[in-house]
Amino acid sequence: MTKRKAVALISGGLDSMLATRAILDQGIHVEGINFFTGFCVEGHTHAIRKHDKPKRNNALWTAEQLGIKLHIIDVIEEYKDIVINPRHGYGAHINPCLDCKGFMVKKAREWIEENDFDFIITGEVIGQRPMSQRKQTMPIIAAESGAHDRLLRPLCAQNLPVTLPEREGWVDREKLFDFSGRSRKPQMALAKQYEISDYAQPAGGCCFLTDAAYSTKLQDLWRQRGDKTYELDDIMLLKVGRHLRPQPHYKLIIGREDGENRFLEGYRRQFTALRASKHNGPLVLLDGSFNNEDLQQAARIVARYTQGRDEESVDIDVTHHINGVVETLSVKPMSSDDIQQQWHI
Amino acid sequence: MNIYQLDARRLLCPMPVIRTQNFIKKLEAGDQLEVTCTDPGALIDVPTWCRINGHKVIGTITEEDEIRITIEVDGS
């Protein structure tokens, strides 16, 4: 008998781990797939800020625990249309969760067609998430992705119509589950049954677009540009530093610690950079357009974040990215009262 | 056996893993790939990716802010 093959969407969280394990236990060959959108919390951000030790990538870690291969796919470019024009709209912030899930299942469907696999599994649970994991949205994802009955959700399969792998007897529906709702207890119990004690966050929190502060920064970027576009560097920089917009036409990105300063160093060729020459302080990038008056204002703000903040004058080196010219501005640090609350994005 | 080099400096994980994965797809069994990264997360992620996909890490060197990971491509 042909051994059937499934691809599992592996997020690095518990649900996709359990769903995969349930199908592996039925003798199916499973490989994992993970999509990198640029907004994934999992992965790179831990590398920016200083930590005692680097954090693991949970999708890779999960795959290793399950003993399966993992294919990580860069979907940054294609994903832009999901973020910018979500057919089903946004959630509480600018999270296009339903479109996102449909997109990922569609990409998985394309992958199984290219690689001669039989079906797709996800860790979705009816009622687990308010936008994308509801009884009404499950068929929408299956239909819009083109996966139809090749999409199996092992953790809630018994609450859904029979899918191809169940109908064909590739998997036993009786050995699947009927989880529903927001409670995590069934997943915890199943994890215990599988003797899985180490896993990443139980649910959610995998995407920066669900984060209020991040969403505000992205909306500010779009507002100032006058259109909803972005490049990878834009969305990376929104994750880093303190963002202050003292004028509509420019903002400062201020490193908060050594790791962020080092990360921002990599952008010196793309942005004008400011840093105190005689005092300890952050590396700051200027994003936007600015004149000499703006530069003076920016330098005074930068001086505020240095160890010379209480001095009469602080020297700030301004490195212009266009020609590499460095000029030194001697400025009086701005007082904390003069740094307006509404400048903070 | 050929030796190849991949520059993944300034890329943050998982991009060094993705670039490594995509590069190795084009290589033959026994070929070696030397990946240079600056993200310390690559020290964990690239070897993990290699283990789960059957490739062998045959050397890791860390010099200042750069990490060089040498991988031997699996034949199976």
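Residues are numbered from 1 along each chain as its sequence is written, and chains are lettered from A in the order in which they are written. In this predicted model, local features need pLDDT of at least 70 and side-chain atom pairs count only at pLDDT 80 or more, while totals for chains, interfaces and linings use all residues.

The C-alpha atoms of chain A fill a box of roughly 80 × 40 × 35 Å along the principal axes. Chain A holds twelve helices and eleven strands (DSSP runs of H or I, at least four residues, and of E, at least two, numbered from the N terminus). Domain 1 (5–209) and domain 2 (240–343) divide the chain, with bounds from an automatic or database domain assignment; their C-alpha centres are 42 Å apart.

Of the 345 residues of chain A, 44% are buried, meaning that 20 or more other C-beta atoms, placed from the backbone, lie within 10 Å of a residue's own.

Helix H1 (residues 14–24) is largely enclosed by the rest of the structure, because ten of its eleven residues are buried. The cover over these buried residues includes strands E1 (5–9) and E2 (29–36) and helix H8 (185–193).

Key
Buried ≥ 20, exposed ≤ 12 C-beta atoms within 10 Å, placed from the backbone. Contact = placed C-beta atoms within 7 Å.
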